[in-house]
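Subject: Structure handover

Hello,

The sequence and structure are below. My notes on pockets, core and strands follow.

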Amino acid sequence: MLAAPELYTFIGGTPPTLPELRDRYRRMVAGPQDGQPVGWLNWVIRQRQDQGLTGTVQATIWLEPGGEAHPGFLRASVAWVVGASWQGRGIATEAAQALIGWLREHEVTALMATIHPGNAASAAVAAQAGLVATADLIDDEIVWVSSARP
């Protein structure tokens, strides 16, 4: 699912090798270390019919400290990847909406995603999931946000 070179058009890089994937998964299983986010959530997206892998959704969660006037809160950076063969079927939209719903149910109140300006498909997914584009950029990608905080 992650081997198609076209998946990296907007996110950069090349398809990971098997050793690179193993290393990535080892780090995920180990969990965050000191000074890193408080949580990494990674889910696979499967087809209903045959349970075949079609993509992934991820959230990186941080605890933002509060002050006297406001308590701390959880914020998350979210992302999705759907394999090239399954794109254009609404899978990413459904998965992103489910991810964001789950995060909201678990008291994550501030959400963000960064999307390459040329990636219209991911921008559409973000909009359908309730995120709004801002004028901010991170590494030349547009920051999309949603917040339940006043």
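Which residues lie nearest the centre of the largest pocket? They are Ile11, Gln58, Ala79, Trp80 and Val81, out of 50 lining residues. This is a predicted model, with pLDDT of at least 70 needed for local features and 80 or more for side-chain atom pairs, while totals for chains, interfaces and linings use all residues. Residues are numbered from 1 along each chain as its sequence is written, and side-chain values use heavy atoms, with hydrogens and water left out.

Pockets
A pocket here is an open set of points on a 1 Å grid over the protein atoms alone, where a 1.4 Å probe fits, with protein on both sides within 12 Å along at least five of seven lines; lining residues have an atom within 4 Å of a point. Volume is the space filled by probe spheres set on the points, which are joined across faces, edges and corners.

The largest pocket holds about 1,500 Å³. Its lining has 30 nonpolar, 14 polar and six charged residues (Ala, Val, Leu, Ile, Met, Phe, Trp, Tyr, Cys and Pro count as nonpolar, Asp, Glu, Lys and Arg as charged, the others, Gly among them, as polar). At least two lining residues each come from helix H1 (18–30), strand E1 (39–46), E2, E3, H2, E4 and H3. Helices (H or I, at least four residues) and strands (E, at least two) are DSSP runs numbered from the N terminus.

The second largest pocket holds about 430 Å³. Among its 18 lining residues, Ile45, Arg46, Ile91, Glu94 and Ala95 lie nearest the centre. H2 gives the most to this lining, six residues.

Core
The largest nonpolar core has 24 residues, of which Val78, Trp80, Leu103, Leu111 and Leu131 touch the most other members. Such a core is a set of buried Ala, Val, Leu, Ile, Met, Phe, Trp, Tyr and Cys residues joined through side-chain atoms within 4.5 Å, buried being under 20% relative accessible area with a 1.4 Å probe, protein chains only. H2 supplies the largest share of this core, seven residues.

Strands
E1 and E2 pair in the antiparallel sense over eight bridges (pairing needs at least two DSSP bridges). Asn42 stands opposite Gln58 in E2. The two strands form a hairpin with six residues between them, and Gln51 in the turn has a positive phi of about 65°.

Regards

Methods:
Buried means under 20% relative accessible area, exposed over 50%, partly exposed in between (1.4 Å probe, protein chains only).
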